[in-house]
Amino acid sequence: MVCETAHTVRISEDSAVLKNKTPQEEKDYIERLHKRKMAEVGNYLATSSLAHSDKQVIMVPYHFGEHYILFFVYPTDQTVIVLDPADHDKDAYMEFLCLLNLAHGRYKKHGGYVKNPSREKLYIRGHWPCYKQPSLTNLCGYYVCEMLRVNGRYRTEFTYLPSIPYSASRFDQRTLINLCADLCRFIRRNICNHLEEFHDPHSELATDPKFKNLREWERQHAVD
């Protein structure tokens, strides 16, 4: 549910649900749907925060438009670090920041620990130095995956978050190839493999006969 489409409403003008509605009724209908989606995602984020209240930081990859971005949420410090490979203005993802604040309020209300109870809103720290994708590229997803992979650098208090020097802020070709190989390996072993925890037994991958060789790849290539 951590993506823009989960908390926004898009309905085509010729949709059956808008049939015979006045412009005002259409507007009211869409606003109700939007509020419902916002509430659902807010509850999901709050529940996730409480479920991981023992964690120092929660890493939240977020997709909006055609871009991926990464948030490091520190619940007890009430701080959010924004790691954006393309340095968008925060207005581009402001609605999700509002959802994080909504979720954090519910987190506190239900007993989530914070160091400063008097602070009402999360402290947002944007444009944090991190890996930056080359301009006019669509490599943001790979950059976010790499920032998730090397999260060990960011596990300490947010005040100790290191800045990645400009000279090391972009991937070379070898790093990108290695990252793709890691992703392929994870998908094959942990998602396609019907014995692993990320395999969805109800998905097309699990039920369609044409994917049998893929989901049983590990069994067929097991070393005696």
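Helix α3 (residues 140–149) holds both glutamate 146 and arginine 149, which sit three residues apart, about one turn of the helix. The two form a salt bridge, with their closest N and O atoms 2.9 Å apart; the term stands for a side-chain nitrogen of Lys or Arg within 4 Å of a carboxyl oxygen of Asp or Glu. This is a predicted model, where local features need pLDDT of at least 70 and side-chain atom pairs count only at pLDDT 80 or more, while totals for chains, interfaces and linings use all residues. Residues are numbered from 1 along each chain as its sequence is written, and side-chain values use heavy atoms, leaving out hydrogens and water.

**Overall layout**
- The chain has seven helices and four strands; helices (H or I, at least four residues) and strands (E, at least two) are DSSP runs, numbered from the N terminus.
- From the N terminus on, the order of elements is α-β-β-β-α-β-α-α-α-α-α.
- Of the chain's 224 residues, 33% count as buried (buried means under 20% relative accessible area, exposed over 50%, partly exposed in between, with a 1.4 Å probe and protein chains only).

**Salt bridges**
- The structure holds six salt bridges.
- Another bridge joins the side chains of lysine 115 and aspartate 77 (3.0 Å, N to O).
- That pair links distant parts of the chain, 38 residues apart: lysine 115 is in the loop between α2 and β4 (123–125), and aspartate 77 is in the loop between β2 and β3 (79–83).
- Lysine 115 counts as partly exposed at 46% relative accessibility, whereas aspartate 77 counts as buried at 13%.
- In helix α4, aspartate 182 and arginine 185 lie three residues apart, about one turn of the helix, and form a salt bridge with closest N and O atoms 2.8 Å apart.

**Surface**
- Helix α4 (residues 173–192) also contains isoleucine 187, which counts as partly exposed at 41% relative accessibility.
- Phe186, Ile187 and Phe198 make a nonpolar surface patch of about 270 Å²; patches are made of residues with over 30% relative accessible area and no salt bridge, with like charges joined within 9 Å and nonpolar side chains (Val, Leu, Ile, Met, Phe, Trp, Tyr) within 5 Å.

**The chain start**
- Methionine 1 is found in the segment before α1 and counts as partly exposed at 42% relative accessibility.
- Methionine 1 and valine 41 are 40 residues apart in sequence, and their C-alpha atoms are 6.4 Å apart in space.

Key. Areas by Shrake-Rupley, 256 points an atom, 1.4 Å probe, with all protein chains shown as cover.
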